Amino acid sequence: MCRALFGAELFGYEDVTCEEKSSADDPAHGQKPPEHLGQEKAVCVGQRQFCDRYFDTSKFDLTLKDIWLRKRTGCWELKCPVAVSGTEEKSGEQSKAAALCSRYKEITNLPEIQLRVKEVIKAVCEDGETETSPSQEDESWLSKMNLVCFAEYTTVRRSFTLEEEGVKIDLDQADFGYHVGEIEVLVPEGGDMQSALGKIERTARKLGLTGDQQVEGKMHVYLKKKYPEHYAKLLSAHVL
């Protein structure tokens with residue numbers, strides 16, 4: 001399955017250790033969840049915990065192209081960047097939404113994922129072709145493409161819906177001490193991307209957020225903490 005995912009981070013902050021003098025409200029620790037969330041009649045639709053494992057080559061062939069291969073609780077996903085359309089660039093209002101959003105095409109069909117990854121890294125499998133019906137559990141194809149796990153963490157997520165149709169808000173707490181919230185709209189392939197951008201912008205405005213607020217995602221903070229060399233390469237490539 002393919003779908004476009006539009007996301008805009010709401011807030012982000014790190015846990016404060018006993019050694020740190022400043023509070024989590026300090027700008028150095030990011031922003032707390034917006035108080036408007038409760039006022040906007042957000043309805044909690046569930047809480048779950050999941051583990052993410054991310055894979056790339058030793059030369060970061062995927063992530064340097066802003067392509068993210070992960071296995072989340074037993075299921076494979078590939079996120080590829082979606083280009084900004086010329087229509088969006090012409091409108092000042094849309095450019096605000098575009099600045100606020102990250103946008104990816106999300107692929108969950110494993111044979112298609114393997115094909116896309118193979119195209120990017122130009123890898124050649126030992127048997128010369130990709131399996132036609134691979135299982136989610138079989139990870140032997142990773143070594144054939146020289147892919148290794150470079151990030152692994154667990155997240156507790158609470159999800160909320162608002163009156164705006166199709167808008168979801170996720171509040172995440174990662175096990176490495178980072179909290180982040182995101183507005184998310186999923187668009188089926190060929191769907192109305194302009195409408196998705198509008199929904200995100202209206203929701204952000206209701207919550208008192210603007211495109212000037214730059215919030216780091218979980219992967220930003222994880223790599224900065226644990227793998228600064230990888231993080232620096234992604235910064236240089238303007239991926240992060």
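Which residue lies over the face of Y104? Look for K79: this residue sits over the ring of Y104, 4.9 Å from the ring centre. Keep in mind as you look around that this is a predicted model.

Let's stay with rings for a bit. Searching the whole structure turns up 10 aromatic pairs. One of them joins F176 and Y222 edge-to-face, with 5.3 Å from centre to centre and 70° between the planes. This pair links distant parts of the chain, since its two members are 46 residues apart. F176 belongs to the loop between β8 (168-174) and β9 (178-188), whereas Y222 is in helix α7 (residues 218-226).

Now step back to the nonpolar cores. As a general point, nonpolar side chains tend to be buried together in soluble globular proteins. Here, the largest nonpolar core has 18 residues. Y54, W68, F150, F176, M219, Y222 and L223 are the ones with the most contacts inside it. The elements giving this core two or more residues are β7 (148-161), β9, α7 and α8 (228-236). Helix α7 provides the largest share, four residues.

Next, follow strand β7 to T155. How buried is T155? Its relative accessible area is 0%, and the cut-off is under 20%, so T155 is buried. You can find what surrounds T155 by looking for its contacts: R48, Q49, F50, D172, Q173, A174 and K218, again not counting residues up to four places away in sequence.

With 14 residues at 1.5 Å a residue, α6 should span 20 Å, and its end C-alpha atoms are 20 Å apart, so the two values agree. Several of its residues are buried, including A196, L197, I200 and A204. The buried residues of α6 also include K199 and E201. After α6 comes G208, which has a positive phi near 75°.

Notes: Residues numbered from 1 in each chain as written. Predicted model: local features only at pLDDT ≥ 70, side-chain atom pairs only at ≥ 80, totals over all residues. Heavy atoms only, no water. Expected span 1.5 Å × (residues − 1). Buried < 20%, exposed > 50% of the residue type's maximum accessible area, 1.4 Å probe, protein only. Phe/Tyr/Trp six-rings, centres within 6.5 Å; stacked < 30°, edge-to-face > 60°. Lys NZ or Arg CZ within 6 Å of the ring centre and 35° of its normal. Core = buried A, V, L, I, M, F, W, Y, C linked by side-chain atoms within 4.5 Å. Contact = heavy atoms within 4.5 Å.
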